[in-house]
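Subject: Structure handover

Hello,

I am passing a structure on to you. Please open it first, then read the notes below it.

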Amino acid sequence: MKQILEALYVNGIVISGNEFLLSSAKTAFNEAGDLRDARMVAFLEQILQKFLKFVRVIEQLE
């Protein structure tokens, strides 16, 4: 998908970096719907912070 979006004729802006895959999603969440694994939560928070930074940079280009 990334290669397609980066093609010259598409002119897409793609963020590189971490990908997130959640195996065993059926058991990964508690009864309240929160992720059980604190390390995974911290990892996702880190990814989201990088994404927000990316968005702020892209806004400056437009």
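First, a definition: a residue is buried under 20% relative accessible area, exposed over 50%, and partly exposed in between, with a 1.4 Å probe and protein chains only as cover. By that scale D37 is partly exposed, because its relative accessible area is 31%.

Some ground rules. This is a predicted model, where local features need pLDDT of at least 70, side-chain atom pairs count only at pLDDT 80 or more, and totals for chains, interfaces and linings use all residues. Residues are numbered from 1 along each chain as its sequence is written, and side-chain values use heavy atoms, with hydrogens and water left out.

Confidence and layout

pLDDT is the predictor's confidence in each residue, from 0 to 100. The chain has a mean pLDDT of 85. Of its residues, 82% reach 70 or more. The chain has three helices and zero strands. Both kinds of element are DSSP runs, numbered from the N terminus: helices are H or I with at least four residues, strands are E with at least two. The order from the N terminus is α-α-α. Mean pLDDT is lowest among the elements in helix α1 (residues 2–5), at 66. Helix α2 (residues 25–28) has the highest, at 92. The chain has 62 residues, and 8% of them count as buried.

Helix α3

Does the span of α3 agree or disagree with its 24 residues? It agrees: at 1.5 Å a residue α3 should span 34 Å, and its end C-alpha atoms are 35 Å apart. The expected span is 1.5 Å times one less than the number of residues.

The start of α3

D37 sits in the loop between α2 and α3. At the start of α3, a side-chain oxygen of D37 comes to within 2.9 Å of the backbone nitrogen of R39. That is a polar contact (a pair of N or O atoms within 3.5 Å; within protein, one must be able to donate a hydrogen and the other to accept it, and residues adjacent in sequence count only if both atoms are side-chain atoms).

How many salt bridges does the structure hold? One. D37 forms a salt bridge with R39, and their closest N and O atoms are 3.7 Å apart. The term means a side-chain nitrogen of Lys or Arg within 4 Å of a carboxyl oxygen of Asp or Glu. Side chains of opposite charge can pair when their charged atoms come close. R39 counts as exposed because its relative accessibility is 69%.

The loops

N30 also lies in the loop between α2 and α3. A polar atom of the N30 side chain lies 2.9 Å from the backbone nitrogen of A32. N30 is partly exposed, at 26% relative accessible area.

S24 is in the loop between α1 and α2. S24 is not a glycine, yet its phi is positive, about 55°. At 51% relative accessibility, S24 counts as exposed.

The surface

I15, F51 and L52 make a nonpolar surface patch of about 250 Å². Patch residues have over 30% relative accessible area and no salt bridge; like charges are joined within 9 Å, nonpolar side chains (Val, Leu, Ile, Met, Phe, Trp, Tyr) within 5 Å. Areas come from the Shrake-Rupley method with a 1.4 Å probe. L52 belongs to helix α3 (residues 38–61). L52 is partly exposed, at 40% relative accessibility.

Best wishes
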